[in-house]
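Visitor: Please pick one part of this model and take me through it closely. I would like to know how its pieces are joined and what lies around it.

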Amino acid sequence: MTNPAELRYTAEHEWVAVDGPVASVGITDYAQRALGDVVYVSVPAPGTRVTAGEPCGEVESTKSVSDIYSPVDGEITEVNGDVDEDPGLVNSDPYGAGWLMRVRLDDGAAEPAGLLTADQYAALTEEQE
Amino acid sequence: MMTPDEAQPAGGQPRPTPLRAVHERLGATMTGFAGWLMPLRYGSEIAEHRAVRSAAGLFDLSHMGEIAVTGPGADAALDYALTGHMSALKPGRARYTMICAPDGGVLDDLIVYRLADTEFLVVANAANTAAVATALRERAAGYPAQVDDKTSDYALIAIQGPHAGRILQSLTDTGLDQVRYYAGQPAVVAGREVLLARTGYTGEDGFELFTRPGDAEPVWMALTRAGEADGLVPAGLAARDTLRLEAGMPLYGNELDPDVTPFDAGLGRVVVFDKPGDFVGRAALAERAAATPRRALTGLTVGSRRVPRHGYQVLWDGQPRGTVTSGAPSPTLGVPIAMAYLDPGTAQLAAEETAGTRLAVDIRGSAEPARLTDLPFYHRPR
């Protein structure tokens, strides 16, 4: 699966889709393949503040547990209840139905800093493979 | 997040098995394991696990060590070297046993096949093969017996699951109904000579086939074709680990290590005191057998969806009273399960506790309520 060009990425394998004042966040296809079957995702409840680069949740797979780092500063507005019901959505559709949370950005519509383009992220994961 | 591979230090170049090309064609996710390049999963490890429980799975276990012990003194040498009564084993039969240090600590758990009166095959865990071969050589020194590490001479393929027997039967003239659990004998499968054993590490009925390295791929492909209509799928080490955990089977490095004796692990039955001659670890093990246990290997189920992992503390009224040795989300039970060593007093109290509020696992800083569960977690229907 190619990484969608319109998304931004972190070196910790999260993706971000910025739509005006709100960012959707998930984990990348590379991440879900590395983890294997996802069995549980824990993200903060709506209303919780998150800080870019800080752990804000965790992904449990069969073999391991990994922190989710918030890619942005802001406040959680929504979490994906479908993923809570069926964590396998993170494996089957990481950039779509497997999104994890939505965050209202602190700086309004300003582009969050320090994120990678799809090409930059692809180069990073190629190095790791 | 950090992916599991990034969390692991890079080691040397892992050694491929004779089935490497097959795994590559299948698009397996490969992983380094005990110095070998092994398939971790082919697709979804949960789907592979379920296929083994409901149909059948095909495993490459060529990383396992095969050590030949031969000669007129092979049986006496193994009686001395191992905890089991190997001289009592009949040709064609196999036994689960252990090799212990003089202090009773477990150096490895093993399956020993007696192929003939003077010929045994000792199957060791990949990480321990060299150490087991060395220990066997030292311990056999006074006997007319020879110890040879034959790992490079064998590939090992397992077919496990309720349909394993009928799939394998279509490729061999050996009557599998006549092959008992823990038996191993020469056979021809798909036209290739193999050692065919009714053993496994999944909690299901199944067979293990020791082949020549060059025969591994044709045997694997023949089984794949024969099993197509019966739901046979290739299964990786990830599924193997959750299958053995549900079956309550110990994994060396998790439940077993040099600091535990077979008695700690609830496997005192592998230590046979009334066999001829002395054996390494006898005095220490006799002491352990007579003493109150230092710890108890227990099963736990956890109420939350967060998973207890190797090394997490087990709490009783908030106080650490044990350690998780293995944990995973159980595909069959649908909840996280774990094996853990508890101090015996806590294990006793937890077994009697009905409210389910005092026992917990410290999962990354939060105490998640747990219950003691009889091992194994899973019994296959008969």
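Guide: Two strands count as paired if DSSP finds at least two bridges between them. With that in hand, look at the sheet in chain A of this predicted model. This open sheet is made of 6 strands, and reading across it gives the order E1-E2-E3-E9-E8-E5. The pairing in the sheet is antiparallel. Its edge strands are E1, residues 8–9, and E5, residues 49–50, of chain A, and each of these pairs on one side only.

Now stay with E5 of chain A. The partner of E5(A) is strand E8, residues 74–79, of chain A; the two run antiparallel and are joined by 2 bridges.

The contact takes 23 residues from chain A and 19 residues from chain B. On the chain B side, helix H1 (4–7), helix H3 (45–54), helix H8 (237–246) and strand E17 (319–329) each give two or more residues. H1(B) provides the largest share of that side, with 3 residues. By type, the chain B residues that touch chain A divide into 8 nonpolar, 7 charged and 4 polar.

For the setting within chain B, the domain assignment gives domain 1 (4–62 + 154–246), domain 2 (65–152) and domain 3 (292–373). In chain B, 12 residues of domain 1 are in contact with 11 residues of domain 2. The domain 1 side of that contact has 8 nonpolar residues, 4 polar and no charged.

Conventions. Residues are numbered from 1 along each chain as its sequence is written. Chains are lettered from A and ligands numbered from 1 in the order in which they are written. This is a predicted model: local features need pLDDT of at least 70, side-chain atom pairs count only at pLDDT 80 or more; totals for chains, interfaces and linings use all residues. Domain bounds come from an automatic or database domain assignment. Two residues are in contact if their C-beta atoms, placed from the backbone, lie within 7 Å. Ala, Val, Leu, Ile, Met, Phe, Trp, Tyr, Cys and Pro count as nonpolar, Asp, Glu, Lys and Arg as charged, and the others, Gly among them, as polar. Helices (H or I, at least four residues) and strands (E, at least two) are DSSP runs, numbered from the N terminus.
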